[in-house]
Amino acid sequence: MRRMAWTAAVAVVTASLMQALRVAFPLLYDVREDAGASTAVLWALVAFVVAPAMLAPILLRAGGGFRVAVVGVAIARLAEQLVHPIPVWLGAVSVGTGMTALAVLVVVGRRRDRGAETAIAIVAGLALDAALLGAFETWDAVWQDGPAAITVAVVLAVAAVVAASAAEPDGDRLDVDAWPLVAIGPFLLVQLLFVQNIAFTTSSTGAPIAGGVALVLLGSVLGVLAASWAIPRNSGAVRRGAGVVLVAAVGALALVQGSSAAVAVPIASAAAAVVLTVALSSPAGARRNGPTAQVLWFVIGIALFVGAAFAYQIDIDVPLPVPRATWPIAAAVALAAVVVRRHRPEPVSAVPALIPLIGAIAVPLLLLDVGSRPDPVGAPDTYRVLDWNIHTAVDGDGQIVLGEVLDLIRSRDPDVVVLQEVGRGWPIAGQSDDLQWLARRLDMGHAWAPAADGQFGNAILSRFPIDLDRVIALPYGEGPQERSAIAATIGTDPGLFVVGVHLQHGDRPATRADQIDAVLDVWGGTDAWLLAGDLNMQPGSTEVGRLEEIGLTSVQDMVGDPTAPTARDPVTPDDRVDWIWVTSDTLEVANFAIVRSEASDHLPLVADVTPRG
């Protein structure tokens, strides 16, 4: 029973830490935007590294210190659920308490000759987190105020406290080799970016959310079983084989999409579980280190995690001198390298981990709505079109506000929704699948165009049939970010040809001009056409003149107020980077509006469009 309680305590702490990380990254990005990169780096170092480095040794010297650490995680998780908007300081506290508790639990488990079972319990905790995230269709419960979300927080907190009070790992106090604890950081990076990232799985494979949940949980089950099988044997061939498989699978996830990614997710999960479990088991004939040295190696690993995670994300806007895939692949190599040396087998059982894991799998089965949605049919005489750069549903306070985005769209009752900056797995966007979450609740079909990467791009949603013509990769030009457009025909007879686009930002008119030409090549000048999106150009610019030259008309200039800004916080009185353009000889436009919202740094545009004839 005590071993079961130990597994439950580690699992709940791990799940709570993953939720705290998904809260922290959007808050960190907001700090970077408001106060600069140096402040964001300082914030991260304090929360991720300094807190566990200072607090974990103190708790390890105290009797029952691991219980105090677990209770701290429970309190922080409840606080994040109840204090909205979540302030930056609370995000830092939650990460700091989570990292501290994980460090304490791992060190205590290894010193009690339960390092391998502690690692398997971490895998079970990742599965619990994925199940909860899947049950809420990737929009974390921590951002929500409803009774289901609050119930999740209370149950997690109570479970953590009860498990910690009952847990007492068996065995004598041992001093074991400290350096393998560096593996925690690379392991968490692989988990956060890929293996436990449901939205990454759905956007990479094209699977529905239920399919992404199934792939992630399958990987967790395979990981527990594979680790439980491998540790008693613990041969060199098993260790090296797991390392090679891990590097290959992570490489596939970083470089390819489609069916290969669907196969690679559970394989990477299983291999990572084996490697972590070997790393946390006690080395044979190793140099013995006390708990302080073990915490030091733990925080070194976490520092590597922070650096690689930031590099992976910032490369989108500030291209680094190495390929972006370098960071997760390097993490997999580092994780595999930890287990090259010989480790002794540990007694381990999968039963304590499999019981909560099976319970975790039942959560999305009970709560996730996997019912079919009605197929869109027909076409109206008039289409209401809503265009919006949703800023990955992150508001000005760094909060994930998918509910506010949904409410605004619903309030305008559009037939067609054209979206930019749609997040589908980015850490700085809370790792939600914005596209599927919104499309399911709006009962709309959708088309998707990845841009900066497969987890960020443009989308068209429609309550009428979508005939996807093409995804348009736009010229890179001066960069720094890959851009795309998406073209689709909505409805039938006559239908509406819609292009959603997001052009390059900043003082790069030549790049935008080349990107406009790439979009116009799709048009060909013959169809009734609507172009909408964040064009990052202002009235009177050469890019605006180019669109006017070829016969397109700005809807805002035609039937709206040409001086009204489309930015939430305009830099100039007529700050207009968002546009809807039409072929006015074939499309009649009315009821243009710019809708006020705090959910994004852009304001949504709405117009009624009627094909002539």
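Me: What percentage of the 613 residues of the chain count as buried?

Reply: The model is a predicted one. In it, 60% of the 613 residues of the chain count as buried. The cut-off behind that word is a relative accessible area under 20%.

Me: How do you know that the radius of gyration of the chain agrees with that of a compact globule?

Reply: For 613 residues, a compact globule would have a radius of gyration near 25 Å, and the chain has 25 Å, so the two agree. As for its extent, the C-alpha trace spans about 85 × 45 × 40 Å along its principal axes.

Me: How many helices and strands are there in the chain, and what share of its contacts joins residues 24 or more positions apart?

Reply: The chain holds 19 helices and 12 strands. Among contacts with a separation of 6 or more, 79% are between residues 24 or more positions apart.

Me: Why is helix H8 called largely enclosed by the rest of the structure?

Reply: Helix H8 covers residues 198-205, and seven of its eight residues are buried, which is why it is called largely enclosed. The buried ones are Ile-198, Ala-199, Phe-200, Thr-201, Thr-202, Ser-203 and Ser-204. Their cover includes helices H5, H7, H9, H10, H11 and H16. Just after H8, Gly-206 has a positive phi of about 80°.

Me: Which residues of H15 and H16 meet, and what are their classes?

Reply: From H15 come Leu-402, Gly-403, Val-405, Leu-406, Ile-409 and Arg-410; from H16 come Asp-434, Trp-437, Leu-438, Arg-441 and Leu-442. By class, this contact has seven nonpolar, one polar and three charged residues.

Me: Which residues of H15 are buried, and what covers them?

Reply: Leu-402, Gly-403, Val-405, Leu-406, Leu-408 and Ile-409 are the buried residues of H15. Their cover includes strand S1 (383-389), strand S2 (416-423) and H16. Just after H15, Asp-413 takes a positive phi of about 50°.

Terms used
Residues numbered from 1 in each chain as written. Predicted model: local features only at pLDDT ≥ 70, side-chain atom pairs only at ≥ 80, totals over all residues. Heavy atoms only, no water. Contact = heavy atoms within 4.5 Å. Helix = DSSP H or I, 4+ residues; strand = E, 2+ residues; numbered from the N terminus. Nonpolar A, V, L, I, M, F, W, Y, C, P; charged D, E, K, R; others polar. Rg over C-alpha atoms; globule rule 2.2 N^0.38 Å. Buried < 20%, exposed > 50% of the residue type's maximum accessible area, 1.4 Å probe, protein only.
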